[in-house]
Amino acid sequence: MGESRGEFGTGETGVLPAEAIARLIEAGAARLAGPPGARQIQPASLDLTLGARAFRVRASFLPSRARRVDERLAGGLFMHEIGLEQGAVLERGCVYLVELNERLALPPDICGAANPKSSTGRIDVFVRLVTDHGAAFDEVPAGYEGPLYAEISPRTFSIVVRRGSSLNQLRFKRGDCRLDDAALAALHAEAPLVDGPADIEGGLGLRVRLAGAPGEIVGWRARRHAALIDVDAVGALNAEDYFEPIAAPRAGFIILDPDEFYILASREALAAPPDYAAEMTPINPGLGEFRVHYAGFFDPGFGWSPDGAGLSRAVLEVRSHDAPFVLEDGQIVARLAYERMAARPGRLYGADLASNYQGQGLRLSKHFRQTEPHS
């Protein structure tokens, strides 16, 4: 693979925009099964798609730097193969490894980072990218050449998938593009990132919103033993068949039950300006016995408008750990890391695309009808 500076953009440090991703595909650095789908190339990421085969495995695993994925499977983790051409059910509580349609042959100055799609995280499906010789999930080293796999573990709902279904996405990056706290504070002063004071310490802090008018829905708790969810069916389901609404608590807090799944919203409305992308990162485990990190990518333009009026709340996918935990209104639950774009994408999230979650408050995934409660 030749020098990427001329082929894939300006050579600037940053997250590659859609136009540079298209050039990666044209040059064979990102190899798809066919022409990219109509919306497979997002403003700052590439949607990855499931291939023809899934493998039920005994446990989650990483191949380690010494082995390929297929070698690790053959070492005693493989249980049985599932064909996806006609669709298949992935059962909750099980772990699957799925071949993706995409392969990579990256140049030496471009690496990748993956995350579940927003709609995947909001139905409590845990998805992580795995590569040959990989020692970490969701990371693609610079210059990687080889296949891609998705580890899929539905946690609450069993799901129906098929070849071509998209559950996660991949960003391509050149160099160290993450903003430190000083740069993040300067950006907030220039173009407000939240609709209020910014808590900047290791990223931009997000607080949970639990306060509301009496009876106002401020969250959703997943129901056990619900029906299947077809990941490709948009607007097909009734929310209350799968989630129990949570009204604003009088005491200002809720108690998270162990191993239950919640959808909540941030108190802050936020924005990702056109020249920046953001990613939700886990908080310090010392701040609470819960997890808020499933689908963490925010594309350039999310919650942004030229007049500053388009801020959107972050939807939080929350799961408690081993013990019940009190979550209070206004408690910090996550942080956003902002990264520079290598160039501004030609189309922004929300403004130029029919984006599912622009302007959102508290909202379930696109699979559900009328999931934005009135407040």
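Reader: What makes residues of helix α3 count as buried, and which are they?

Author: Buried means under 20% relative accessible area, exposed over 50% and partly exposed in between (1.4 Å probe, protein chains only). In α3 (residues 69-77), the buried residues are V69, L73 and L77. Seen down the axis of α3, they fall within an arc of 55°, so they line one face of the helix; the arc is that of the directions from the helix axis to the C-beta atoms. Helices (H or I, at least four residues) and strands (E, at least two) are DSSP runs, numbered from the N terminus. This is a predicted model, in which local features need pLDDT of at least 70, side-chain atom pairs count only at pLDDT 80 or more, and totals for chains, interfaces and linings use all residues. Residues are numbered from 1 along each chain as its sequence is written, and side-chain values use heavy atoms, with hydrogens and water left out.

Reader: Which exposed residues does the opposite face of α3 carry?

Author: The face turned away from the buried side of α3 carries the exposed residues A74 and G75.

Reader: Why is the pair of D275 and R344 called a salt bridge?

Author: A salt bridge is a side-chain nitrogen of Lys or Arg within 4 Å of a carboxyl oxygen of Asp or Glu. The closest N and O atoms of D275 and R344 are 2.9 Å apart, so the pair qualifies.

Reader: Why is E268 called buried?

Author: E268 has a relative accessible area of 9%, which is under 20%, and therefore counts as buried. E268 forms a salt bridge with R207, which at 25% counts as partly exposed.
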